[in-house]
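Trainee: Could you walk me through reading salt bridges and burial in a model like this one?
Mentor: Gladly, let's look at it together.

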Amino acid sequence: MQKFTAPPLSFVGNKKYFSKIYLEFLDFALLSGVINKQTIFLDCFGGSGWLSHITKQRFPKNRVIWNDYDNYQERLERIPQTNAIRQELLRIKEKNLSKEETKQEILKVLNANPNYDLRTISGYLTFCGQTLKEDLSNFVPSALEKITKTAIKEPIGYLEGVERVQSDAVNLIENFCGRAFLILDPPYLQTHSKSYEGYFSLSDYGRLLKVIKKPYCIFGSAKSDILELLSLVEEKEQIKGFCVYEESFIKMNQSAKDKDYLIYNF
């Protein structure tokens, strides 16, 4: 079985840079008696499934539930198609056509492959920081220059043993009602909503904080004012006594860093 150091496909907000801290936190929770052999882990905002994957690797006999709200599984299943499209794009790149000819050639490939993985393909046809979620009509042919020759590996063993569900996160939490260890990685407040399938607003955070029950951990960012938000509602029993396990500076680009938090409450 291959070892994964990151999700097989890119996903905005995945926690690969927080993996070491998260695994240390799980060990801390285990030593604290919060986690045991019967613990159910509920990854409420599953995204790429990365947190579910490394949780299952750490606790292989425990039940781990991945809420695949964004249908990442479909993207994984389309990897063979994505690799085939990528090969076609490389051939077009090597032809050194004019911009318009290149664009028309690319459109032929895309039209011949309906229901392709838009998130991944847009990464081949746009520059850093751009995502075309609706369609690729405004792609820039010159962006092809950054396509590498490395194919995407088949995700053999990724999420093996993890249970997949698709549900509204708040409804899912209510259904488990204190029976699971909640892993909470919602889209951060005050971040660019176009990067996510669904915008998670302040009122959504309000719904979430009403239904969560200890034990849980929640990821947040300094930009999202998560600590201030929790402090405002700390009189609520489910929030009272929250702690910051670790904070980490995540490098966003050459000139910017963001401070991320891992917050917990037992």
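Mentor: Start with K214, E237 and K240, which are joined in a network of salt bridges; the term means a side-chain nitrogen of Lys or Arg within 4 Å of a carboxyl oxygen of Asp or Glu. This is a predicted model, where local features need pLDDT of at least 70 and side-chain atom pairs count only at pLDDT 80 or more, while totals for chains, interfaces and linings use all residues. Residues are numbered from 1 along each chain as its sequence is written, and side-chain values use heavy atoms, leaving out hydrogens and water.

Trainee: How many salt bridges does the rule give?

Mentor: The count is 12.

Trainee: Why can K20 and E24 pair up within a helix?

Mentor: An α-helix has 3.6 residues a turn, so residues three or four places apart point the same way. Here K20 and E24 are 4 residues apart in helix α1, about one helical turn, and their closest N and O atoms are 2.7 Å apart. Helices are DSSP runs of H or I with at least four residues, strands are E runs of at least two, and both are numbered from the N terminus.

Trainee: Is K20 buried or exposed?

Mentor: Buried is under 20% relative accessible area, exposed over 50%, and partly exposed in between, using a 1.4 Å probe and protein chains only. K20, at 61%, is exposed, whereas R58 is partly exposed at 30%. In helix α2, 7 of the 9 residues are buried.
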